[in-house]
Each structure stands twice: as C-alpha cells, then as structure tokens.
Amino acid sequence: MNDTSTRPNTVPWPPLVFLTAVILSVVLNIVLPLPWIHGLLGDILFAAGWLVILGAIAMYVSAIHVMRRAQTTIMPTQAAEHLVMDGAFAITRNPIYLAAALLMIGIGLVTGIVWFLLFAVLAAFATQKLAVEREEKHLEARFGKRYRDYAKRVRRWI
C-alpha cells in the first residue's frame, strides 16, 4: 500500500472497474437475458435513458474541461496538483465517476439490458471502496482544510 499523500492509487481502478462492469453486463445479457418493460413505460424509460446519457456526457466533458483549465491530472494514479471545486465539481466531488455510472444506467435504459443497471451500482460501490476513499485521503493530505471545507459543502456522489 502506498502513502496517499504522494498519490492516491497505484492501480487505475475506476476505468478498470467500469470496463469490467460493461463487459459483465453484455456477457450476462447474452447468457442470461432479464426481462424488460415494454409499451408506453418502456418508451418513457428509453427516452429517459437518452437524457441520462446526454447528462453523463455533459458532466464528463465539464469535469475534464475544468481539470485541464486548472492544470491538474485526471489520472487516478497521479497526485493532484490543484484542488478543483468549480464546474461539475461544485455539484459532486466525483463527477467523472458519477458520469460513468450514469452512462451505464442510461445505456441500460436505452437498450433494455437490466444488467447495466445492476452493474452501474456495483461499479460505483467498488470505485468508492477501491479509489474514491483513497483519493479523498490524498486530497485531504495535500490540501488540508480547503479540502475538508469543500467536502462539507459538496456531496461525494449526488
């Protein structure tokens, strides 16, 4: 285990976790497809899925833009140079991870693959345990009171 003050993680867990969740969702849908809602409610969920996908993409793009503008890394294995608190980070402390989970939910709603909905939640939980909690310790070690004040104002997820 590494010292979280120098960098949050040694393995880029979030992309690996979400990629694994997507692969498992597709494979399980082939092997064991679960029933989906049809009719008017299915159409409403389909439309809602597209809205969720568009929102997830907007959140992701906003977060990347703000991090680049602040000249800090987006890599979960590298030390943060600056504490980013504006843009999408004013809404959630983890907009990139939230966007990944929302993207999976949106895909599940659009395609009717229930496994995406289940694995989105599991991937978010795994990401929190494998990365977010360590990243928070890293940010607190690097930025101290500024990070603690930010964490009090802005929720971890939503």
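The legends below describe an overall view and several close-up views of one predicted model.

In this predicted model, local features need pLDDT of at least 70 and side-chain atom pairs count only at pLDDT 80 or more, whereas totals for chains, interfaces and linings use all residues. Residues are numbered from 1 along each chain as its sequence is written, and side-chain values use heavy atoms, with hydrogens and water left out.

**Figure 1. Overall view of the chain, with its 5 helices and 0 strands.** Along the sequence the pattern reads α-α-α-α-α, where helices (H or I, at least four residues) and strands (E, at least two) are DSSP runs numbered from the N terminus. The C-alpha trace spans about 50 × 30 × 25 Å along its principal axes. Of the 158 residues in the chain, 41% are buried; buried means under 20% relative accessible area, exposed over 50%, and partly exposed in between (1.4 Å probe, protein chains only). The accessible surface of the chain comes to about 9,000 Å², and 70% of that surface belongs to carbon and sulfur atoms, with areas taken from the Shrake-Rupley method with a 1.4 Å probe and, for residues, only the protein chains shown counting as cover. Among contacts with a separation of 6 or more, 77% join residues 24 or more positions apart, a contact being heavy atoms within 4.5 Å.

**Figure 2. Close-up of the largest nonpolar core, which has 32 residues.** A nonpolar core is a set of buried Ala, Val, Leu, Ile, Met, Phe, Trp, Tyr and Cys residues joined through side-chain atoms within 4.5 Å. The residues with the most contacts inside the largest core are Phe89, Met104, Leu139, Phe143, Tyr147 and Trp157. Each of α1, α2, α3, α4 (114-143) and α5 (145-153) supplies at least two residues of this core, and the largest share, 9 residues, comes from α4. Leaving aside neighbours within four places in sequence, Phe89 is in contact with Ala63, Val66, Met67, Val84, Pro95, Tyr150 and Val154.

**Figure 3. Close-up of helix α1 (residues 13-31) packed against α3.** The two helices pack at an angle of about 5°, with their axes 11 Å apart; axes are lines fitted to C-alpha atoms, for helices over the stretch in contact, and angles run from 0 to 180 degrees between N-to-C directions. This geometry makes α1 roughly parallel to α3, given that angles under 35 degrees count as roughly parallel, over 145 as roughly antiparallel, 65 to 115 as roughly perpendicular and the rest as oblique. Pro14, Phe18, Ala21, Val22 and Ser25 of α1 make the contact with Tyr97, Ala100, Ala101 and Met104 of α3. By class, the contact has 8 nonpolar, 1 polar and no charged residues, where Ala, Val, Leu, Ile, Met, Phe, Trp, Tyr, Cys and Pro count as nonpolar, Asp, Glu, Lys and Arg as charged, and the others, Gly among them, as polar.

**Figure 4. Close-up of α3 and α4, whose axes come within 9 Å.** The axes cross at roughly 175°, which means that α3 is roughly antiparallel to α4. On the α3 side the contact is made by Tyr97, Ala101, Met104, Ile105, Ile107, Gly108 and Leu109, and on the α4 side by Phe116, Leu117, Phe119, Ala120, Ala124, Thr127, Val132 and Glu135. These residues divide into 12 nonpolar, 2 polar and 1 charged.

**Figure 5. Close-up of α4 and α5, packed at an angle of about 135°.** With the axes 6 Å apart at that angle, α4 is oblique to α5. Glu136, Leu139, Glu140 and Phe143 in α4 meet Lys145, Arg146, Tyr147 and Arg148 in α5, and the contact comprises 3 nonpolar, no polar and 5 charged residues.

Figure 6. Apart from neighbours within four places in sequence, Asn94 is in contact with Val132, Glu135 and Arg156. Gln71, by contrast, is exposed, with a relative accessible area of 62%, and phi of Gln71 is near 55°, a positive value in a residue other than glycine. Most residues other than glycine have a negative phi. Gln78 is partly exposed, with a relative accessible area of 39%.
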